[in-house]
Every structure is written in C-alpha cells, then in structure tokens.
Amino acid sequence: MARGMSNRTVPLDQHGSSSMSGRHIHALRAFVVEAPEALSAALASNRVETSLYTPYNFLVKNLFKQFSRFANLYFLFITILQIVPQVTLSSGIPTTIVPLLFVLIINAIKDLIEDVHRHNADRIQNSSVTHQLNVVSMAFEVVKWETLRVGSVVRVAQGEMIPSDMILLGTSSSIGQCFTMTANLDGETNLKIRWVPPELMGLEKDLCGPTPSTPALWHLIHGAKIEVEVPNRRLDRFKGTVMPKATDTKISLGISNLLLRGVLLRDTEWVIGLTIYTGGDTKIQQNSGEAPFKSSTLSSLTNRMTLHIVVLQLVLLIIAVCVQSATWTSPPYLQLSSSPSGLDSFYLFLTYMLLFSNFVPISLQVTVDITRFFQAIVLQRDAGMTYGDVGITVHSSDLNEDLGAIQHIFTDKTGTLTCNNMQFRRCAIDGVSYGSNDPYPDPSLSPRMNSCAKPSPRTSSFFRNYRTKAQPTLVDENSPRRSGIHVNIHDKALLLKMQEQHDPRAIAFFTNLAVNSAVVPVVDAASGEIVYSSISPDEEALVSAAKHFGIVLLAHDTTSVCIRRFGHDVTFDVLHVFEFSSERKKSSIVVRERGSTELLLLCKGADSVVLPALSPASALEESVRSAMKLHLSTYAVEGLRVLCVAQRELPQDVYQAWHDKYQVAKTSSECSDEDLDPIIAEIETNLDLVGITGIEDRLQDGVPDALECFRQARIKVWMLTGDRPDTAVNIGHATRLLSSDMKLFQISSKELDASAKPPTETISDLFQSMLLSSSSQELALLMDDVALEFICAREELQKE
C-alpha cells in the first residue's frame, strides 16, 4: 500500500485441495480486508518486469547466452590453446582474443540496447497512475500502478487500462454493468460486459450510479473475507467467494465479476474494484511467462554448420597426426633417443588444431548480428508496416529472418478470415425452414451493404491512439462498436406467422433468442435509439432478428430481462444464468415471467450437445425433429453457423431440489467450475426443440487469394473454427484452403464412435493412410476437439 493507506489485507491461509471430480488439484488464496496483521510477503507486488537483464546480472547472463553459440565456445577454446606453451604458434600470445572480444562486445551492445527498450516500457507501465482509496480521508488519491497491493480499492475511469486483476465492486451504471475491451489479452475488439455481483448490490444500494458513496462501499468491504483461486493462466474461468462482515452468507464470484489487468474500460464513466491479483500473479502476466532467450532458424543453422565444420576438422586432424606419426623421422642433429610418446601426439593434435582454426569463420556471427540490428531499424521505420501512426516494435532482432521463413500459419476463422459481421439468414421452426440461400433475398440489401464494413472514423481514431504497453490511458473515448446489418432474411410466411397469426412456437423461438442472450441494450446518446452491445456478434444477430420480427429486448441485467412483445412490455426475473463455454457448447438461463409462477429454462447451443438432451419424442414429434435435423445439415453445408434453440418448463419441486444442490456446490471451496458443469447439465435435460438458426459471416475480400498463395508456397495453414465439420469443409472450399483435387482425411467424434477399433488405433490407421499417400497428392486433415485431445494425450500419436 502507498504511504498513508491503512486498508491492508492479511492472508488467512493458502491450501490445496482435490477437486470433487478428481480431475485436477486446485488451491485457494484467502484473505481478510483490513486485518490487523501485516500482509504476507509471499504476495507479489504490482510491479512487472519483462526485461531479460538487470545491472547486476547482465554480464553473467549475456555471456551465458553468447557462449551457448558453438562458434564462440570454439574460439574460446582456440584462445586457451594459444597460451599453452607446448602447442602455441604465437609465442604464447592469444591473438584470437581480439576478434572474439569484438564479437562478444558487439553482441552485448546490441542486446543491451534492446533490453533498455524493454526497461523503458516496463518503467512507463509501472509508473502509470491510477486512483486508490485512502480509507482515512475516504477519497481516491493518485498512485502509481506499482504501489498497488492485494486488497487495494481502485477507481478506474473510462479510457484507462485496468491496473490489476480486480473484483468489480461498483460502476457508474445504475444496474452494475461495465464494458471492457480485451484486445491486450485475446486480440478481440468486441466489448465484453462485466457485472457487480447482484448480491453485493442487494446489501448496499449506493455501490452503483452517478454518485457512489465511498464510505458505504468501504463499510461493506471492510472486514470481508475473500477466497479466490491461486494465480493461474485461465482467461475464461474464475471462481471465488466474498463474505462481507455484515452477513454470514458467501457470495459467489465468477469471470463476469472480474476485471483483468491490461483490459480497457470503455463506454463506462468509472468502475471501482478490489485488487485480488497483482504483478506476476495477474492473468496477463501468468500467460506471458519469463522472458526466454530466443534463437532463430538461421542461428540454429549456423550452429549446426559450425559443428559440422569442426567435426570435419577433427577428422582431418586425426589423419594429419596419423600420417606424420607414420612418416616422420627425427633429424640426426636433434639426437632424439626415443620415439614420440602419446602425450607428444596429443600436443601435435592440438597444434594442428591451431593451424586449421581458420576453418571456422569468426566474422560470420558478428556480421549476421550487425545486419540484424540494422534490419530492425529498417523494419521499425518501414511506412508500409504501420497502421495510422502505429508501427511495429522489434523486441528481439535475433528473429528477423524468421519472418520470411514461415512454414505453418495458424488462423482463427471468425474476424480473421471473415468479416465478423453476423447476419441472421435462415431459421427452422417446428420442422419448417424459413429464409433463402440467396445472399441478397431482400432487394433493399445491396452487395455494398453486405460486404465487410470498413472501420468508421472513430474506430480508426481509436486504433491510432491505441498503445499496448506504453500508453495505458486513451484519449479517444468513443466506443469502437461496429455498426452492421445483422438481419438478412426476408420471408413473408414467417412475418405472417409472427405478426398476424402470433404463432406460439414462433413466439417462443424468438423470445428465447431475445431473453437467453449476453446482449445489453444501450441507448445511443446521439440518436436516442437502442443499440445492442454483446461479447459475441452472433448474439447481436440473434437479438436483432428477434427485434426484426416484433420481440424487442429493452433491458437486460443480472436480475431481470425486459422485452417488448408486439407492443406489450414483458419482464422476466432471472434466477440463473449459465454462460456459453467451449466445454459446455451451450448457454442457458432460468427465468420466471413476472405475474406467473411458471419456471422456464431457455437453452441454445451446438447440435452435438442440445439434441442428445431432448426429451423422448412421440411419432409426430420425431418426424418434426427429423425435418429439423435435415434443415440443420442443409444450413451447415451452405456454410452457415447453426445453433439449436430449445426450452423446458421446470416443475417447482424439480427446480427446488436442483437449486439446493447447485447452491451448495457453487459456494463450496472444494468445488471448481468444471465440477459445476455436470450439476448444471442435470437441469438441461428433457428439452423441447423449438428451432434452429442459420447465421452467415461473409469472407473478407482477398482471403481466398491469400490462402491460395500460401498453399502454392507450401505453407501449411491450420484454421480453427467452432463450426460443425460440414460447415468447416464448406468454409475450407470457399477460402480455397481446400481444393477439389485435395484428398481430405477426417477424424472426429463421429468417426471414432462409428469405428469398431479403439480410438487410438483408429487415429493411427488414419495417419498411416496419410503417410502412404502419393507425394504428389495434396492432403488435408480435419479434426475436432475430441480427436485432438486423444492425440495430445498420447505421445505415439504425436510422433505419427
């Protein structure tokens, strides 16, 4: 804590415990806010260091790095030989020391300059300012980032970076929400929503709003017991609890309540948070790891070449010594009484080594390093590698040449190959498909409007002012949200069914899309219209489709969802929200419509998890489901992103029994997020399939040509997508990642389940088939997460 601050924290315990499922071991960190004891020295400060050297270890670490090069070791050995009297050819003077020192000094200077830049970046970040609560004056005071400690109460304003990992305690929004952008963590520029825990807002009403009460906030958090996970690298998961002194009830904390260091606060005037991880314990630093010594392909090649030259030299030395021993006769005037001994032959071997030392060019490495240094300067000043006034920064010039020696490219699909502008194109409700596969079914939608939107002026301004490390505060405070057309479906039959017939199944379908979402409506200050903000553009497209057909999302927070259904406002009380994750592959929400006692579970997700959770069907229902599965396959083949939409009416007794079990597990320190998934899955059963959605994300201009160039250059391209396998194949052909003359090998859970052999043997057989293919035949491999897990878990499959 900074001087004058008394809100210290004290660790209570830090213990490990086995998870309930036995899948892994997890540990907890617990502390009390404002305990009388001193804070444990084991907790990291908020100072970060990404540099490789310090003034005290530069000489030792840099020499260790340089002598990891075989050529430098070789010439050090030659220098030592030159001072050995029995073998010296230079009267004991180490002549090689001069060029060797020149090489070492030049490389040391280059490394020093690069590390000074890292130190400067660290200094700028550590010296950045934020506002910390002084509990004596109950005012927020300006402090440096590096002075923050676990337990610090921090206030961050719009456009500023979050200085540490914090539990969200209050925001300028009256409903307790804030918007963040996590580009520093995952490269995503979509705004993500974080919430003040609703239980905390229930205990103290003045946490959120335009005029928060600092004394009320401190009164609530003072003496609270905090339990959180020990520092880890998971960016998408977090589990913790807070128990205020005023209550004996533990309040559960999740990733939606956590602000991570390095994320940017957007579209929110201010937030207040309680620091739980600092410095090296923060998730961004946990993922960074210790700065390693990096070596390029060229460096490895020169090392191997030097080794081969030395091996050849040793062979020639042995031949020379053998030839001289066999043919040498002592001149009479030397009066040698005995033949040469083994020691004499060894000295002769070392003498020949000095004679042949020029085989290894000492100037090679220093020439390469000097060239790299000036290459780095050219790269940083290259106007063709800038965006606005932001250029590139070369952190390690040792890797320059690897930029032109790429063998593998790993790419995400959404937002990288595609526009990341989702459009609701097709849907199926009760076995009937709506919409067209024509890309422009509505004449009002022109190709120009459907193409990828260029960044708006304010978006460009945002990127011009954006700095990852050197500038933690942004001048531009406009939202980087993109505006795009999210609905591209025109079907008169569906409009008639919704707006005139008020079909119950169609209404249930679009109500599900509006209510079961991570979308928050925000009123645009300029136009006064409602705009939607979401973590995922898919969610925006689904909610926009619901709005298009008469069901408008008006408000959404942690406790309620309000929609306007054909002109009438309807409010749902939110009982539980189960967010989408890569493991669950679905999202669900349990709600109760106000004025009704009926409980409703709304669910949407991948067909692989939703279809197996459906309730047993009658003959009529089975025919409808068969038609829905057919439509789903059709949408996937067309390259659309498909989701299954389902619901369940929950009996009160079933819900209550499940709720009691879930609450015990959720607040238990022995239970991890992974342990909660099976409990959540218990209520996500006996679902009723309402409909299927088909969303299009158009390719960016130039993507097919770029991937075709990569293929012709023999660069192996791996594309990661969360779509179904048949959708992935369609996208592969559209991007020219796959071609008609390519042989496609596919291994997924479907093939593994259909095979009579064990999964390991099935995958091995497929790899053998690929190896036996003709060398002139281009091959492609499609895997899903199940197959990849098998491969990563078995070393023999990785070798294949």
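**Before you select anything**

This is a predicted model, in which local features need pLDDT of at least 70 and side-chain atom pairs count only at pLDDT 80 or more, while totals for chains, interfaces and linings use all residues. Residues are numbered from 1 along each chain as its sequence is written, and side-chain values use heavy atoms, with hydrogens and water left out.

**The whole chain**

Begin by showing the protein chain as a cartoon, where you can look for 25 helices and 29 strands; here helices (H or I, at least four residues) and strands (E, at least two) are DSSP runs, numbered from the N terminus. How much of the chain is buried? Buried residues make up 46% of the 800 residues, where buried means under 20% relative accessible area, exposed means over 50%, and partly exposed lies in between (1.4 Å probe, protein chains only). Among contacts between residues at least 6 apart in sequence, 70% join residues at least 24 apart, a contact being heavy atoms within 4.5 Å.

Next, select Val153, Ile221, Ile226, Phe238 and Ile276, which are the residues with the most contacts inside the largest nonpolar core, a set of 47 residues. Strand β14 (residues 270-277) gives the most to this core, with 6 residues. A nonpolar core is a set of buried Ala, Val, Leu, Ile, Met, Phe, Trp, Tyr and Cys residues joined through side-chain atoms within 4.5 Å. Centre the view on Phe238 and, leaving aside its neighbours within four places in sequence, you will find it in contact with Val228, Glu229, Leu253, Gly254, Ile255, Leu258, Ile276, Tyr277 and Asp673. Apart from this core lies another, of 41 residues, and among them are Ala541, Phe549, Val561 and Val591.

**Helix α19**

Asp673, one of the contacts of Phe238, leads on to helix α19 (residues 673-683), whose buried residues are Asp673, Asp675, Leu676, Asp677, Ile679, Ile680 and Ile683. Which elements do these buried residues pack against? Colour β22 (568-578), β24 (599-605), β25 (641-650) and α18 (652-666), and you have the partners against which the buried residues of α19 pack.

**A nonpolar patch on the surface**

Now select Leu307, Val311, Leu312, Val315, Leu316, Ile319, Val323 and Phe359, which form a nonpolar surface patch with about 650 Å² of accessible area together. Patches are made of residues with over 30% relative accessible area and no salt bridge, with like charges joined within 9 Å and nonpolar side chains (Val, Leu, Ile, Met, Phe, Trp, Tyr) within 5 Å; a salt bridge is a side-chain nitrogen of Lys or Arg within 4 Å of a carboxyl oxygen of Asp or Glu. Leu312 lies in helix α8 (residues 297-327), and its relative accessible area of 48% makes it partly exposed.

UniProt positions are given in the numbering used here, feature names are shortened, and annotations may be inferred rather than shown by experiment. Residues 346-364 are 63% helix and 0% strand, with end C-alpha atoms 29 Å apart.

**Annotated binding-site positions**

Finally, select the residues that the unreviewed UniProt entry lists for "binding site", including Asp412, Thr414, Phe580 and Thr721. Asp412 is found in strand β15 (residues 408-412) and is partly exposed at 33% relative accessibility. Thr414 lies in the loop between β15 and β16 (423-429). Is Thr414 buried or exposed? Thr414 counts as buried because its relative accessible area is 19%, and, leaving aside neighbours within four places in sequence, it is in contact with Asn420, Met422, Arg641 and Asp697.

Phe580, in the loop between β22 and β23 (586-593), is exposed at 53% relative accessibility. Thr721, in the loop between β27 (716-720) and α21 (725-734), touches Lys413 and Ala728, not counting residues up to four places away in sequence.

Note on methods: Accessible areas come from the Shrake-Rupley method with a 1.4 Å probe; for residues, only the protein chains shown count as cover.
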